[in-house]
Amino acid sequence: MGATNYRLCPACVKRDQEKLEALTRQLEATYGKIPLGEWNEIQAKIKHHPSLGETLREDYELGTQVIGTFFVNYRAFCESPECDYDVSYDHAEVLRQI
Ligand SMILES: [Zn+2]
């Protein structure tokens, strides 16, 4: 049995949160210190920040082989061109001797 899913990428989510935090710090640090038009531009970047798409592709397969071994093969990688998140997990184990 195998399947493919799409989810939010943990690396993209972390990077996105860091960007928003940096903009928020910039907004707080520049209040009253820069021209209002520039300050409003920073505020607009936060307010109109695009939401992330589900770019993490997960492919997995699991089951029992004819020899009685349970297996799971999992891979997840981000399809965003700016992200290199890529993980995999493979495991096989005899759950019951035949
Ligand atoms: Zn990503």
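**Reading the sheet and overall form of a predicted chain**

Biologist: How many of the residues count as buried in this chain?

Modeller: The model is a predicted one. Of the 98 residues of the chain, 2% count as buried. Here a residue is called buried if 20 or more other C-beta atoms lie within 10 Å of its own.

Biologist: Which helices and strands does the chain hold, and in what pattern do they follow along the sequence?

Modeller: The chain has 2 helices and 4 strands. Along the sequence they follow the pattern β-α-α-β-β-β. The radius of gyration is 22 Å, well over the 13 Å that the globule rule gives for 98 residues, so the chain is more spread out than a compact globule. The C-alpha trace spans about 75 × 20 × 15 Å along its principal axes.

Biologist: What joins strand β3 to β4?

Modeller: Strand β3, residues 69-78, is joined to β4 by 9 bridges, and the two run antiparallel. Among the residues that face each other, A76 stands opposite V87 in β4. Another example is T69, whose bridge partner in β4 is V94.

Biologist: Over how many bridges do β2 and β3 pair?

Modeller: Strand β2, residues 56-64, pairs with β3 over 9 bridges in the antiparallel sense. One of the pairs places L56 with its bridge partner C78 in β3. The two strands form a hairpin with 4 residues between them. In the turn, G68 has a positive phi of about 90°.

Biologist: What share of the contacts between residues at least 6 apart in sequence join residues at least 24 apart?

Modeller: Among those contacts in the chain, the share is 52%.

Conventions:
Residues numbered from 1 in each chain as written. Predicted model: local features only at pLDDT ≥ 70, side-chain atom pairs only at ≥ 80, totals over all residues. Rg over C-alpha atoms; globule rule 2.2 N^0.38 Å. Buried ≥ 20, exposed ≤ 12 C-beta atoms within 10 Å, placed from the backbone. Contact = placed C-beta atoms within 7 Å. Pairing = 2+ DSSP bridges.
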